[in-house]
Amino acid sequence: DRGVSGDTTIGSGSKLDNQVHIGHDTVIGKHVLIASQTGISGCVIIEDEVKIWGQVGIRSDVRLGKGCEIMAQSGVSKDVKPGDVLFGSPASNAKEKFRELAAIRMLPNFIKNN
């Protein structure tokens, strides 16, 4: 989208797949990778070398720190620290989220045995 109070900019070396929506006044740093079906709300700051995989949604007024990674089908509602890897909706630490999902998969056996 066209900027409202500032420019919408995309840094050099950044690569965007098809079906990516970038909201107004968003700043995308250098060497950022964004996969398809990603929606970025207005006034988002994406620092350099960030990876955003497919079907990610990002709320307005969020900052994604340098080198962070947002895994597919995640919803980002808060600032992300540099280097963090997030997954899920709401997005949280990917390793912790995968442990939670593994534990949920074990619940039917736990219930059956008790």
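A residue counts as buried under 20% relative accessible area, as exposed over 50%, and as partly exposed in between (1.4 Å probe, protein chains only). The model is predicted, so local features need pLDDT of at least 70 and side-chain atom pairs count only at pLDDT 80 or more, while totals for chains, interfaces and linings use all residues. Residues are numbered from 1 along each chain as its sequence is written, and side-chain values use heavy atoms, with hydrogens and water left out.

**Cysteines**

With a disulfide taken as a pair of cysteine sulfur atoms within 2.5 Å, the count is zero. The two residues compare as follows.

| Cysteine | Relative accessible area | Nearest cysteine sulfur |
|---|---|---|
| Cys 43 | 29%, partly exposed | Cys 68, 18 Å |
| Cys 68 | 1%, buried | Cys 43, 18 Å |

**Sheet**

Strands are DSSP runs (E, at least two residues), numbered from the N terminus, and two strands pair if DSSP finds at least two bridges between them. Four strands form an open sheet in the order S3-S6-S9-S12, with parallel pairing. Strands S3 (20-22) and S12 (75-76) are its edges, each pairing on one side only. Strand S9 (residues 57-58) runs parallel to S12 and is joined to it by two bridges; Ile 58 stands opposite Val 76 in S12.

**Core**

A nonpolar core is a set of buried Ala, Val, Leu, Ile, Met, Phe, Trp, Tyr and Cys residues joined through side-chain atoms within 4.5 Å. The largest one has 18 residues, of which Ile 46, Ile 52, Ile 58, Leu 64 and Ile 70 touch the most other members. Leaving aside residues up to four places away in sequence, Ile 52 has contacts (heavy atoms within 4.5 Å) with residues including Leu 33, Thr 38, Ile 46 and Ile 58.
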